[in-house]
Amino acid sequence: GFMGGSGNDDSDIGVAFRLNTFFSSTTLNEIRVSLSRVTRGEKYFQTEHPGPTGPQPTVRIGGSNFGQGQGKANSDHIQKYYIAGDSLSFYKGKHELKAGAEVEINDSWEDSRYFFNGIFYFADRAAFNRGESYLFQKGFKIGGGEPTARYIEQQYHFFAQDTWRPNDRITLNYGLRYDIEHFPKSLSLGDPDYLIHTDWNNVAPRVGLSYKLNEKTQARVGGG
């Protein structure tokens, strides 16, 4: 038989570590580390009888496929996340000061080989018997490129903030955050010189105000 089949190969794996250390009654340090891997895969099984000349194209008649699993091969997408951060909190009087930094690395890889064997579309069996295909679809490698792509995204986050409680009713939050998004030159998108420029201007000030009207009602406003 020539009927193709498909299946998914998906998995999510992760681990996280957190360490809180009090250097004194007013100073707290927090360390956070997490690793995760996300896999998304589509497996298209090959026919047991590909033909004397090698892999054969798929034939699609109406809504049924015959041949090598919709004319596709495997498609895989893997993402690896590495996150590490540290923050230091200092409590003094009516102020809670906090500053920290975080590094996040996203390593992504994808292999897509859709329609590399080709697929013929026929409206119905009568059209197939007449040899009247209304569409032929096939994937190619262009310009010596590969059907794989990989990119590594590096993000660096820095922040400093203060929470000030001048009395029992008012809480004022204000701070500054700075983010850097960087893509190294190790991208495999068919062009080894392909480069995404680093974004250096992500400065985000923010402020928030909370006012306690009574024991059951609290009003908040903020922006950034």
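Reader: In this chain, what share of the contacts with a separation of 6 or more comes from residues 24 or more positions apart?

Author: Ask how far apart two touching residues lie in sequence. In this predicted model, residues 24 or more positions apart account for 65% of the contacts in the protein chain with a separation of 6 or more.

Reader: Which elements make up the chain?

Author: Count the helices and strands, then read their order. The protein chain has 13 strands and one helix. Along the sequence the pattern is β-β-β-β-β-β-β-β-α-β-β-β-β-β.

Reader: How much of the chain is buried?

Author: Burial is judged by relative accessible area, and buried means under 20%. Of the 224 residues, 25% count as buried. The accessible surface of the chain comes to about 14500 Å². Carbon and sulfur atoms hold 57% of that surface.

Reader: Which side chains make polar contacts with the side chain of S108?

Author: Look for N or O atoms that pair up. The side chains of S108 and Q79 are joined by a polar contact of 3.2 Å. The side chain of N106 also makes a polar contact with the side chain of S108, at 3.1 Å.

Reader: Which residues does S108 contact, leaving aside neighbours within four places in sequence?

Author: The list is I78, Q79, A149, R150 and Y151.

Reader: Now the charges. How many salt bridges are in the whole structure?

Author: A search of the whole structure finds six salt bridges. One of them joins R18 and E30, at 2.6 Å from N to O. This pair links distant parts of the chain: R18 is in strand β2, E30 is in strand β3, and they are 12 residues apart.

Reader: Is E30 buried or exposed?

Author: E30 is buried, because its relative accessible area is 9%. E30 also forms a salt bridge with K98, where the closest N and O atoms are 3.5 Å apart. That pair joins strand β3, which holds E30, to strand β7, which holds K98, across 68 residues. K98 is partly exposed, with a relative accessible area of 23%.

Reader: What about E96 and R165?

Author: E96 forms a salt bridge with R165, the closest N and O atoms being 3.9 Å apart. E96 lies in strand β7, while R165 sits in the loop between β10 (148-164) and β11 (170-182), 69 residues apart. E96 counts as partly exposed at 23% relative accessibility. R165 counts as partly exposed at 41%.

Reader: Last, the surface. Which residues make the nonpolar patch?

Author: V15, F17, L19, V33, L35 and Y82 make a nonpolar surface patch of about 510 Å². β2 (11-24) and β3 (27-45) each supply at least two residues. β2 gives the most, with three residues.

Reader: Where is L35, and why does L35 count as partly exposed?

Author: L35 is in strand β3. L35 counts as partly exposed because its relative accessibility is 41%.

Conventions:
Residues are numbered from 1 along each chain as its sequence is written. This is a predicted model: local features need pLDDT of at least 70, side-chain atom pairs count only at pLDDT 80 or more; totals for chains, interfaces and linings use all residues. Side-chain values use heavy atoms; hydrogens and water are left out. Patches are made of residues with over 30% relative accessible area and no salt bridge: like charges are joined within 9 Å, nonpolar side chains (Val, Leu, Ile, Met, Phe, Trp, Tyr) within 5 Å. Accessible areas come from the Shrake-Rupley method with a 1.4 Å probe; for residues, only the protein chains shown count as cover. A salt bridge is a side-chain nitrogen of Lys or Arg within 4 Å of a carboxyl oxygen of Asp or Glu. Helices (H or I, at least four residues) and strands (E, at least two) are DSSP runs, numbered from the N terminus. Buried means under 20% relative accessible area, exposed over 50%, partly exposed in between (1.4 Å probe, protein chains only). Contact means heavy atoms within 4.5 Å. A polar contact is a pair of N or O atoms within 3.5 Å; within protein, one must be able to donate a hydrogen and the other to accept it, and residues adjacent in sequence count only if both atoms are side-chain atoms.
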